[in-house]
Each structure stands twice: as structure tokens, then as C-alpha cells.
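Here are my comments on the model, point by point. Please read them with the structure open.

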Amino acid sequence: MRRLMKNCLNIGKTKFFILALCVAAVLMIVGDWVLSVTIYNKNINRRFESYEPLMLYVDDFDDLQRTQYVFTSNKGQKLTGYMYSSGEDQHGIIIMAHGFGGGGHNSYMDCADFFAHNGYYVFAYDATGNDESEGDGVGGIPQGVVDLDCAISFVEENGNFPDLPIVLFGHSWGGYSVCSVLTYHPEVKAVIACSGFNSSSDMFEAQGKKQAGDGIYLMMPFIKLHERIKYGDYASNTAMNGFEESEAAVLIVHSADDHTVPIEYGFDIYYEKYKDNPRFRFIRFEDKGHNYVYNDMTYINAFNAEFDKWIDTLAYDYNAKENRQRFSEDKAEYIHNNLDRKKWCNGLNLELFESFVSFYDEHLK
């Protein structure tokens, strides 16, 4: 009897130990999940506003006209967009998707101006949580595809826009969005994607590796699950999926020294599969970085050089926490006083953009 009772006690202890291990494992998983989502939201689900000293304005461009529109995205949030135009010889509509973290479409107004002066209407909008659009934060990376999906449908169904072929242009977050959205809009004729990535979690992974190294891969399953729960099929849909669901012509632009979206997260993936496919064209730069992949860097480099000299003249440590507000105000004043707005607003790589227009024109025929 005593032996039986002892065996029962041992069995009870074993079961309790196993149960304790299971509970600890669950708590650890839940804790990692909560931590991963918290870090994701802190870095991604934020509101972004354009930096006022560098903002572009319609008056900066000759004969550029625009009309404001408001449309609704997935949660009922109102998004603000503008139809840009110049002249009367438009033969297509370019819908533009902006990048992440710098506010809405404002910094792409020079792109809109070029396209508008070369035969296209341009519909550009501020995504959720950016500039003139509603939203306390972006929400998540797949929100870019959601908003673009809604923007395309708005242009097609609103009744205020001419019945013209639609093509897409996107940079960074927008580069991912214009490719992924092809799954839902195979009617799009052509896409130009600059510095984009293939899947929604790529940008978080690329930036996270800088901070956490390989530790970021412990977080990625939770990030992917979080996006999947929040956005459904939009989260799992990739640029490659969009290519397979569409017959649109695709032009991919990227620079090998892009440290924001490393080239292996987008360009290299696409090139490996589609380099011999006539639907696809690839432009690879070596030293254009991320933000200025389609710019002529002459004025930007000159301005930055003078700005660095100005920083060296400051009589205080601009990196010190107590001087942050002072430096922010001094920096804004310096930009207002020294920025050549004409050069700043006309800094595109014109040869590259002429090839963009030719690409669109070719595939509207």
C-alpha cells in the first residue's frame, strides 16, 4: 500500500512538473508575442507628418493644377488625395503610393509634376495616419496595400475621373504596395516600383536586424501572425503574388547600397525569377541609397555639405537631450534661410523619369 501511495505521489509530481513546464512555455510564448507586437506598434503604428521646412507646394511648380478628393479606407477612415494635372493631352492616370515615415505624398509632388507635364493625370494621396488623412497611426505595413486598393477603386468608380488606363508608381512602402495590390487589380497596365520590398514583414525585419541582429528572427513569427490577424489576406499577399495574378508590365528600380530596404528583400528576388521575362525591366544602381534613388544628387549633396559645415559652427552639443528643441528650431531656420527652393523642387533624374514615361506610354498602346 505504501509503495502504491508513493508511486501515486511520484506520478502526481511528474504531472505537476509537466503542467508547470507547459504553463511556463505558454507564458513565455505569450510574453514574446506581446513584446513583439509592442515593438512593432512602437516603430510602425505611428502617425507621420511631413517636415515643414522641406515641404513642397503647388506654387513651386509651373502650371501644375490639383483638385482635392476625400475617400474612405477599410475602417471608415477618411483619406485625402489630389488629382494633379497640367495641360490637356492626358492619356493615362498614374496612381502614386508614397513611402513610410516621412509623412504623406507631399515629398513626391515633384514626381507628380513631371508626370503631369508629360501626358498623365496623377492621383496621389496620404495613406492612413499620414498628413491630411485620418488615423492615429499607420496601423501596419499591409495598410499601404489596403489604402492603395481603396484609392484605385475610388478612381475607377467615383465618376469624376476620365475613363483612362491606370498605371502605378510607388517608392519604398509604396513600391511594395503597388506590386502587391496587383492581386486585387489585375486591370492595371503597368507598375514602376522604386526601392520596394516583397512582403509586408520585410521592412520590420530589415530594420530590426540592425538593432537585434539574428534575434529579430525570434520575433518574426509573432509579427507575421499579428499582421495576419489584423489584415487577413492583405498581410500574406506579396509583390510576387501580385506579379503572378496580373499581366501588368513591371519596372523595378533599386540601389545596391540601400540600407533601409536592402536590395535582397525585393530587387534580387524579382530578378532571379523574372530577368528573362519580357514583362519585366530592371534598373540597378550602385550608389543611390534609398530616399534619393531617382534623384539627381548634385544640389542635394551640395546643400548637405554646407549644412554639415554649419553644424560644426554650433556652440552647443546638438546631440544632447537638453538641446534637442533648440537644435530643431535652429535647423528649421537654417533650412528656411538657405534652401534654394527652385533647385530643391526640381531635383529629379530627368533621364530616368523620361524612361519612366516611355515605359508607361509603351504599355498603354
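**Notes on pockets, buried sites and backbone**

1. Start with the largest pocket. Its lining counts 50 residues, and F100, G101, G102, N291 and Y292 are the ones nearest its centre. Keep in mind that this is a predicted model. The elements giving two or more residues to that lining are α1 (2-43), α2 (109-116), α5, α6 (216-231), α10, α11 and α12 (341-344). The top contributor is α5, with six residues. The space in the largest pocket comes to about 1300 Å³.

2. The largest cavity holds about 40 Å³. Its lining is made of A97, H98, Y125, A127, G144, W173, G174 and S177. Helix α4 (residues 173-180) supplies three residues, the largest share of that lining.

3. Stay with α4. The buried residues are W173, G174, G175, Y176, S177, V178, C179 and S180. One of them, Y176, also comes up in the next point.

4. S199 belongs to the loop between β6 (190-194) and α5 (202-212). Its relative accessible area is 15%. Buried means under 20%, so S199 counts as buried. Its side chain makes a polar contact of 2.8 Å with the side chain of D202. Setting aside residues up to four places away in sequence, S199 touches Y176 and T238.

5. K288 deserves a careful look. The residue sits in the loop between β8 (280-285) and α10 (298-312). K288 is buried, yet it has no salt bridge. Which side chain of opposite charge is nearest? That is D287, 6.3 Å away. A polar atom of the K288 side chain does lie 2.5 Å from the backbone oxygen of N295. Beyond its neighbours within four places in sequence, K288 is in contact with S255, D257, V293, N295 and M297.

6. N338 is part of helix α11 (residues 324-338). Is N338 buried, partly exposed or exposed? Its relative accessibility is 39%, so N338 counts as partly exposed. Not counting residues up to four places away in sequence, N338 touches Y299 and F303. F307 is 31 residues away along the chain, and the C-alpha atoms of N338 and F307 are 9.1 Å apart.

7. D63 is not a glycine, but its phi is positive, at about 60°. D63 lies in the loop between α1 and β1 (65-72). With 58% relative accessibility, D63 counts as exposed.

8. The other angle belongs to D131. Its phi is near 45°, again a positive value in a residue other than glycine. D131 is in the loop between β4 (120-125) and α3 (143-157). Is D131 buried or exposed? At 16% relative accessibility, D131 counts as buried. D63, by contrast, counts as exposed.

How values were computed. Residues are numbered from 1 along each chain as its sequence is written. This is a predicted model: local features need pLDDT of at least 70, side-chain atom pairs count only at pLDDT 80 or more; totals for chains, interfaces and linings use all residues. Side-chain values use heavy atoms; hydrogens and water are left out. Helices (H or I, at least four residues) and strands (E, at least two) are DSSP runs, numbered from the N terminus. Buried means under 20% relative accessible area, exposed over 50%, partly exposed in between (1.4 Å probe, protein chains only). Contact means heavy atoms within 4.5 Å. A polar contact is a pair of N or O atoms within 3.5 Å; within protein, one must be able to donate a hydrogen and the other to accept it, and residues adjacent in sequence count only if both atoms are side-chain atoms. Lys and Arg count as positive and Asp and Glu as negative; His and the chain ends are not counted. A salt bridge is a side-chain nitrogen of Lys or Arg within 4 Å of a carboxyl oxygen of Asp or Glu. On a 1 Å grid over the protein atoms alone, a cavity is a set of points where a 1.4 Å probe fits but cannot get out, and a pocket is an open set with protein on both sides within 12 Å along at least five of seven lines; lining residues have an atom within 4 Å of a point. Grid points are joined across faces, edges and corners, and a volume is the space filled by probe spheres set on the points.
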